[in-house]
Amino acid sequence: MDQTTSFNTTATSQRPVILTGDRPTGPLHLGHLAGSLAARVRLQDSCDQFVLVADLQALTDNAGTPARVAGAVPEVVADYIAAGLDPERSTIFLQSAVPELSELTMLYLNLVTVSRLERNPTIREEIRLRDFERDIPAGFLAYPASQAADITAFRATKVPVGDDQLPMIELAQEVAIKVNRMAGREVLPRPEAVISAVPRLPGIDGKAKASKSLGNAIFLKDEPATVREKVRMMYTDPNHLRVSDPGTVEGNVVFSYLDAFDPDRDGVDDLKRRYRAGGLGDSVLKARLVEVLETLLAPMRERRGAVGRDAAVEVLRAGTARARKVASRTLSEVRESLGVFDL
């Protein structure tokens, strides 16, 4: 199918419009898959879906290592295709190559206050994790406005996110309301969050959510031996010292991953019952999880292996051209709504 004509680039159909994406700071992992990637794959047949590789937002806290961000861009695209996103059904595009998004961001920054950005709980937590204190890059503080631009540029009505991103959706809703009020009509729809059933997958260490930067994640491209080793290291129940001891399911990372990825729900429930009663060893649970993950990841590795750098760049080039057509129309309407002088 011709990729330049297989999409509704008007973004005015009756189907829901999805905007989603990731910062290219490294390969994607099972946390991404559970949090929103799996939902994107399901939604691409019933929605007009735009998938953003957010390289500009990645630079807000990686300005000193731009080569790392640039190098990760084709990696993320390969992971998308590995997970099941189809460039003929989802528009995959590069944020920095759509200048309309940057202009929308600048316009929206005039509609939000610094105090509103500082109250954002996600931003506050990220500032704490990065030890920025008061040395906060202006771009980092303002990236919720950039996300609002990304969402509204495509008139997105649905945004698949983890629950930690809900404050970003709220700001995008506020921006849409302000633009519509100034226009005296609905220019931008109010986007709604689509929350995953597994909003935060824990890291294999059990101490935080799975994260590239913390090195506690299983990546979509990990080879079988690496997956086995990472599962072996997984945090379970420190008081489950002998097979005969009753074990705790809550907080047990292996069960968190089984809940997220094992399609045999009755089987997982039976394992939980036996573990709580005593008589079920951690090694049995981990062997089950390795089998489940290998079944999940093996076809992804095969698809990923077929996507070279040139193919990933071509996917981005075609998707970005489509994305610019939609974003340009939205920008023109927003400029008119805000009374920006037009030549």
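Biologist: Does D131 count as buried or exposed, and at what relative accessibility?
Modeller: Residues are called buried under 20% relative accessible area, exposed over 50% and partly exposed in between, with a 1.4 Å probe and protein chains only. D131 has 63% relative accessibility and therefore counts as exposed. This is a predicted model in which local features need pLDDT of at least 70 and side-chain atom pairs count only at pLDDT 80 or more, while totals for chains, interfaces and linings use all residues. Residues are numbered from 1 along each chain as its sequence is written, and side-chain values use heavy atoms, with hydrogens and water left out.

Biologist: Where does D131 lie?
Modeller: Helices (H or I, at least four residues) and strands (E, at least two) are DSSP runs, numbered from the N terminus. D131 lies in the loop between helix 6 and helix 7 (138–141). D131 also has a positive phi of about 55°, although it is not a glycine.

Biologist: What is the phi of R155, and where is R155 found?
Modeller: R155 is not a glycine either, yet its phi is positive, at about 50°. The loop that holds R155 runs between helix 8 (143–153) and strand 4 (158–161). R155 counts as buried because its relative accessibility is 16%.

Biologist: Where in the protein is confidence lowest, and where is it highest?
Modeller: The score to read is pLDDT, the predictor's confidence in each residue, from 0 to 100. The protein averages 91, and 96% of the residues score at least 70. Confidence is lowest in helix 6 (residues 121–129), with a mean of 83, and highest in strand 3 (residues 90–94), at 98. Over residues 1–12 the pLDDT is below 50, and this stretch has 23 contacts in the model beyond near neighbours in sequence; a contact means heavy atoms within 4.5 Å.

Biologist: At what angle do helix 11 and helix 12 pack?
Modeller: Axes are lines fitted to C-alpha atoms, for helices over the stretch in contact, and angles run from 0 to 180 degrees between N-to-C directions. Helix 11 (residues 253–261) and helix 12 (residues 265–277) pack at about 160°, with their axes 9 Å apart. Helix 11 is therefore roughly antiparallel to helix 12; the term applies over 145 degrees, whereas under 35 is roughly parallel, 65 to 115 roughly perpendicular and the rest oblique.

Biologist: Which residues in helix 11 meet which in helix 12?
Modeller: F255, L258 and D259 in helix 11 meet R265, V268, L271, K272 and Y275 in helix 12. The residues of this contact divide into five nonpolar, no polar and three charged. Here Ala, Val, Leu, Ile, Met, Phe, Trp, Tyr, Cys and Pro count as nonpolar, Asp, Glu, Lys and Arg as charged, and the others, Gly among them, as polar.

Biologist: How do helix 12 and helix 13 cross?
Modeller: Their axes come within 11 Å and cross at roughly 165°, and helix 12 and helix 13 are therefore roughly antiparallel to each other. From helix 12, G267, V268, L271 and Y275 meet D282, L285 and R288 in helix 13. That contact comprises four nonpolar, one polar and two charged residues.

Biologist: With which residues is F261 in contact?
Modeller: F261 belongs to helix 11 and counts as buried, at 13% relative accessibility. Leaving aside neighbours within four places in sequence, F261 is in contact with L30, L33, A34, L201, V292, L293 and L296. F261 and V292 are 31 residues apart in sequence and 7.1 Å apart in space, C-alpha to C-alpha.
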